[in-house]
Each structure stands twice: as structure tokens, then as C-alpha cells.
Amino acid sequence: MLKGHCCCRAVRYEVDGTPYHSTGCHCSICRRASAAPFVAWFTVPPASFRLVAGELTSFKSSEHATRTFCTRCGTPITFQSTHYPDEIDITTGSLTTPSRCRPRLTSTPPRVSAG
Ligand SMILES: [Zn+2]
Ligand SMILES: [Zn+2]
């Protein structure tokens, strides 16, 4: 099981199962939403993600995509697209031990490119 938390530690989450997609996304919306050059993500089925503390705020970052962040400190936590209903992407940098889930791809994969 993987565990993660936001910068202020109000949000804590757990992830069951094995991440099967791990990337660094350089798309314009990831850059804007994080105010950083790129965002590292890993992917699991939505049921694998469990919020155990704190509160997430969500917003639509494009027609098909919803992103969440910690309501208190703003740390980006998840990405979901209606194009991929069987997936939730979680920010690798919010893991307690990010090195357990290193990005394998550095290009922008189509599945997370436009949201
Ligand atoms: Zn926080
Ligand atoms: Zn992106």
C-alpha cells in the first residue's frame, strides 16, 4: 500500500494495488495547475484511492478533466478524465515516499495531455 499527504498534512490518503502508469506530464494544464515545469503522476483504478483525512476541493480543468487539491494548502492530489473512467491519476510528489513510484515516461502521453 502507498500512502501520501499534502504539504500541510491535513489531507492524507492511501492507495491499494500497483500503479500501472507512471509519468511526468509536461502539458500546459499540468504546468498551469501546479505552477511548475511538469507534474509526476501515477495511475491506479479509482477504487484504489482512499482519502483518509482532510478535504479535497475539485475543479474542472478542461471539458473532460477534474483535478483535486488540498482545500487548506493547495497541493495538487488527483486527476480524473471522463475519457478514462477506469483510472485516477495521483501526484507522485504527494506520496510519503515518492521514490517508490518513479516516473517511467518523460514525454506527454495522450491519456493525460489535454486536461
Ligand atoms: Zn494541505
Ligand atoms: Zn498534464
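## A chat about strands and a core

Author: Let's start with a pair you can find yourself: in this predicted model, Glu14 stands opposite Arg50 in β5.

Reader: Nice! How many bridges join β2 to β5, and how do they run?

Author: There are 4 bridges between β2 and β5 (residues 49-53), and the two run antiparallel.

Reader: Which other strand does β2 pair with?

Author: That would be β1 (residues 2-5), again in the antiparallel sense and over 4 bridges. In that pairing, His5 sits opposite Arg12. The two strands make a hairpin with 6 residues between them, and Arg9 in the turn has a positive phi of about 70°.

Reader: OK, new topic. What is the strand order in the open sheet of 6?

Author: Reading across, you get β3-β4-β9-β8-β7-β6, with antiparallel pairing. β3 (21-25) and β6 (56-60) are at the edges with a single partner strand each, so one side of each has no neighbour in the sheet.

Reader: Which residue stands opposite Gly24 there?

Author: Ala40 in β4 does. β3 and β4 (residues 39-44) share 5 bridges.

Reader: And the largest nonpolar core, which of its residues touch the most other members?

Author: Of its 21 residues, those are Val15, Trp41, Val44, Phe49, Ile77 and Ile90. β4 gives the largest share, 5 residues.

Reader: What does Val44 touch, leaving out residues up to four places away in sequence?

Author: Its contacts include Val15, Phe49 and Ile90.

Terms used:
Residues numbered from 1 in each chain as written. Chains lettered and ligands numbered in written order. Predicted model: local features only at pLDDT ≥ 70, side-chain atom pairs only at ≥ 80, totals over all residues. Pairing = 2+ DSSP bridges. Core = buried A, V, L, I, M, F, W, Y, C linked by C-beta atoms within 7 Å. Buried ≥ 20, exposed ≤ 12 C-beta atoms within 10 Å, placed from the backbone. Contact = placed C-beta atoms within 7 Å.
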